[in-house]
Amino acid sequence: MLPAARHQAIVDAIQRERVVRVSDLAQELGVSLMTVRRDIELLEEGGLLERIHGGAKLPGDVSTHEPGFELKSTQLTAEKRAIALEAAGLVHEGMAVGLSAGTTTWALAKELVNGPRITVVTNSVRIADLFHYGASTGSVRFGSTVILIGGERTPSDALVGPIATGALKQLHLDVLFLGVHGMDATAGFTTPNLLEAETDRAFVAAARKVVVLADHTKWGLLGISSIASLDDADEVISDAGLGLEAQRVLGERAKLRLASL
């Protein structure tokens with residue numbers, strides 16, 4: 001394979017997988033590890049990728065930007081609904097269920113709103129409103145109990161900070177469904193908001209079981225603050241677009257489910 005074609009194959013693999021290993025690239029391209037390392041060095045100089053230990057990833061700085069709820073709610077809607085449907089099967093009558101703020105957990109809330117009667121603990125105003133008014137009819141629904149914790153409101157409509165964290169320390173959850181900004185093999189599950197990370201850590205500490213809901217685009221994204229390591233998740237539910245390397249890493253650290261579209 002000519003160098004130009006090899007370089008394009010490496011870039012294509014990184015755009016598809018977000019994170020790749022040198023050994024996998026060498027096997028796929030039929031070249032030596034040293035050749036792949038030299039190719040990665042050249043591509044990094046051109047700004048097409050970023051070298052990491054043992055491989056490469058999509059280029060980009062650590063994120064401190066938090067997109068608003070309205071924008072995020074219009075993105076990857078099919079993937080989020082598929083993840084939500086998979087997650088809804090884990091919820092049973094009488095459970096105490098934590099739902100962190102986010103558009104994927106909001107999609108799950110839409111599936112649960114007419115489901116079994118549960119106690120919902122959330123720091124999302126949007127999710128609390130769904131359970132109060134109903135997902136589609138707008139009619140008031142009194143089936144499930146909703147505990148909305150207080151705090152400072154973020155651009156993603158999460159209530160965070162010491163008030164939220166203090167409330168969660170008093171609660172015990174059967175299962176937490178956690179939405180995240182990014183997933184990384186080293187940094188774990190991350191968010192661009194420091195206070196949201198603190199509140200999410202309190203959610204994790206309060207739960208007997210932690211299920212992370214994250215579509216495939218979250219792999220390789222890195223927020224400034226870590227919520228938990230990959231090992232802290234009992235399960236991760238993503239979609240079929242998740243790359244093979246991400247599947248391998250996540251599957252070694254937690255039970256991985258891939259929702260079908």
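Predicted model: local features only at pLDDT ≥ 70, side-chain atom pairs only at ≥ 80, totals over all residues.
Residues are numbered from 1 along each chain as its sequence is written, and side-chain values use heavy atoms, with hydrogens and water left out.

Three strands form an open sheet in the order E1-E3-E2, with antiparallel pairing. Strand E1 (19-21) and strand E2 (50-52) stand at the edges with a single partner strand each, so one side of each has no neighbour in the sheet. On average, and ignoring direction, neighbouring strands of this sheet are turned by 25° against each other; here, as in what follows, axes are lines fitted to C-alpha atoms, for helices over the stretch in contact, and angles run from 0 to 180 degrees between N-to-C directions.

Which strands does helix H2 touch when it packs on this sheet? H2 touches E1 and E3, and its direction makes about 70° with that of E1, where contact means heavy atoms within 4.5 Å. Helix H3 (residues 33-45), for its part, lies across E2 and E3 and runs at about 140° to E2.

Now to the helices among themselves. Two packed helices are described by the angle between their axes and the distance between the axes. Helix H1 (residues 3-17) and helix H2 (residues 22-29) pack at an angle of about 130°, with their axes 11 Å apart. H1 and H2 are therefore oblique to each other, on a scale where angles under 35 degrees count as roughly parallel, over 145 as roughly antiparallel, 65 to 115 as roughly perpendicular and the rest as oblique. The residues that make this contact are Arg6, Ala9, Ile10, Ala13 and Arg16 of H1, together with Leu25, Glu28 and Leu29 of H2. By class, the contact of H1 with H2 has five nonpolar, no polar and three charged residues, where Ala, Val, Leu, Ile, Met, Phe, Trp, Tyr, Cys and Pro count as nonpolar, Asp, Glu, Lys and Arg as charged, and the others, Gly among them, as polar.

H1 also packs with H3, at an angle of about 75° and with the axes 10 Å apart, which makes H1 roughly perpendicular to H3. On the H1 side the contact is made by Arg6, His7, Ile10 and Val11, and on the H3 side by Thr35, Asp39, Leu42 and Leu43; these divide into four nonpolar, two polar and two charged residues.

How are helix H6 and helix H7 oriented to each other? The axes of H6 (residues 103-112) and H7 (residues 125-133) come within 9 Å and cross at roughly 10°, and the two helices are therefore roughly parallel to each other. Their contact is made by Thr105, Trp106, Ala109, Lys110 and Leu112 of H6 and by Arg126, Ile127, Leu130 and Phe131 of H7.

Strand E11 (residues 188-191) and E13 pair over three bridges, and Thr191 has Ser225 as its bridge partner in E13.

Finally, a search of the whole structure finds 17 salt bridges, each a side-chain nitrogen of Lys or Arg within 4 Å of a carboxyl oxygen of Asp or Glu. One of them joins Glu86 and Arg257, the closest N and O atoms being 3.2 Å apart.

Notes. Helix = DSSP H or I, 4+ residues; strand = E, 2+ residues; numbered from the N terminus. Pairing = 2+ DSSP bridges.
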